[in-house]
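Work through the exercises below with the model open. Try each task before reading its solution.

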Amino acid sequence: MAELDLIPEDYRDRLKRRAALRRYVIVFAVLNVAVFAAGGVFAELAAHASARISELKSQSAITEQQQTQLEQLTSKQREYEQRWSLLRGLRAGAAVEDIFRIIDRAMVDNDVWFENWSFRRAGVVVDGETRGVETGYFVVVPAAGQPADTADWQVETHMVLEGRALDHQALSTFVRALFEQPDIKDVSVQKTALTNYANGRVVSFDLTIVLNSDVERI
Amino acid sequence: MSVLARSAALFRPRSSAAIVGPIGIDVALEAVHLVQLQAVANHKPVVRAKASLDINGTRRELLQQPQQFRSLIKRALASDRFHGHKAVLALPSGMFRTISINYQLAGGEKDEPAAILRAMKGRLDGDLANYVLDYMPVRARSKSDEKLALVAISERDKVVDFLELARKAGLDVSALEIGPLAISRLTSAISEDSGAATVLVVNSGRRASYLTLISGNDLLFDQEVAIGEQSLVQHICDTLDMPESTARQLLLRTGVYPRGGDDPLSDALDETGLFDTLSEILKPQFLKLVDEIKRAFLYAASETRGRGVTEVYLLGSIARWPGAEEMLSRLSGSQVSKIPNPLALFPSEDDDTRHSAEHFAPEIAVATGLALRGMKLNG
């Protein structure tokens, strides 16, 4: 059967266009809502992330502060350890009776006798360039914020002996015997002179003996 | 079966799935009628839903009040199990007219619409752009190249206003038809059952009646006759000097032609004299209608090579008067009968309409014909 339809074509087209536009608007609106929703979610996530970053930053700041404190404490520890090292150095070395024993071992006969005996053990500031041996030195690390101190400290133990010897031979024998002692680092004859007595002549001398110090290098 | 084939099978329409047709909507003078059919493959359509809601006021007022129209449609759709909003509407009577025109295709011309438009020029006032028209070709006359078409014409503004009204009521109008075409479709369905070849439908309205001639599947013509229910009632009021409401009640109760045994009260009161009086008053008016019917018979005979009209159906408001079809039968000399209940043709399983073939429901004839659009009668 033939059909008949009185809907104008342009009206039908207009409705189709309107329906298409409505669909487009709906899709656009849905997309907008989705984008806004996603934006909201991302903003929320960003806010959370920012809060987390702030939290981490504050934690990091705390850590840096602690790090600084740790460095300061480490520096102080080093300083104290240096001082402790110095004190140990000062306290280290041969005991006094051992020194006497060493000197005594160096004396061959009774050709040498002593009139004055001084003993000194102290930290001595030395220039770093002058360090010849690795032992017996320690370095003072400057405190934080203070200018670096280039001075090195050395524990120096030495004795100064003033005495008499029958002759230069006896003095020489004695000095050689001292050198052969392992605890003696250096022996320096500072001065010799002949002194006349009624029954003969003797040699007056001043000796400086430097002892080895058992100080660890820090 | 491959995954692809299985997937395709999911989207393939199942043969057992019901195909739901559009909602046929007829905005009649006093009520709005809705009918929707559905069909299962290879089966005749059945009624899925139907509704008739009275118009509170006049149709003219209803068509000018979108809110009220929307509310009415909404209530109607909610009253039964209507499916979707796709609808086929009939343009209310008075908003269109039909013209049968003869036209010829100029030598070898294939453009039939252009020939129709050419033939329509001069028949319409003003610019053709102010009108909406569509046509139905009627079978070609054999003796010449002359062709016949039934053209439906309406003013464009009225059509657009009506469509907008429907759109605002939430309807998706798939087609806008005219009542006679819907009746033609319905009578074609009836003819398939009854075997009638050429049918004349007398559709009586309030102010005018319409004669629709259908031959097979062709709508041969649709003609307006200036005799309506109102003019007949007014004639009785004038003659018997009674109020219109009383005249209407009298017509609906006693009818216009004696029918023995139908009304015990009439039999007891022996109202033969009353029938005779009413018949005599209305006879001249009915004869005018019969003249038009006979003219339609002649036209049908000329267009169907002498086969003539095989069935005359009466529907509309006059058809509700008892004895109206008998009176028309007697005056015309042809059998006139009320149109069978349209819903009886498409009975639903859970409906009593299949048992009510004799039930008279002419008011939903147009809506049923509209709902038939696009439906296959034999599945």
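This is a predicted model: local features need pLDDT of at least 70, side-chain atom pairs count only at pLDDT 80 or more; totals for chains, interfaces and linings use all residues.

Residues are numbered from 1 along each chain as its sequence is written, chains are lettered from A and ligands numbered from 1 in the order in which they are written, and side-chain values use heavy atoms, without hydrogens and water.

**Exercise 1.** Find which side chain meets Arg373(B) in a salt bridge.

Solution. A salt bridge puts a side-chain nitrogen of Lys or Arg within 4 Å of a carboxyl oxygen of Asp or Glu. Arg373(B) pairs with Glu3(A) at 3.8 Å, N to O. The pair crosses between chains, from the segment after α13 (365-371) of chain B to the segment before α1 (9-91) of chain A. Now check accessibility: buried means under 20% relative accessible area, exposed over 50%, partly exposed in between (1.4 Å probe, protein chains only). Arg373(B) is buried at 16%. Glu3(A) is partly exposed at 33%.

**Exercise 2.** Determine whether Arg185(B) and Glu177(B), a salt-bridge pair, are buried or exposed.

Solution. Their N to O distance is 2.4 Å. Arg185(B) has a relative accessible area of 7%, so Arg185(B) is buried. Glu177(B), at 0%, is buried.

**Exercise 3.** Identify the residue with positive phi that follows α5(B).

Solution. Start with the helix, a DSSP run (H or I, at least four residues), numbered from the N terminus. Helix α5 of chain B spans residues 156-168. Its buried residues include Val159(B), Phe162(B) and Glu164(B). Gly170(B) follows, with phi near 90°.

Terms used:
Helices (H or I, at least four residues) and strands (E, at least two) are DSSP runs, numbered from the N terminus. The expected span of a helix is 1.5 Å times one less than its number of residues.
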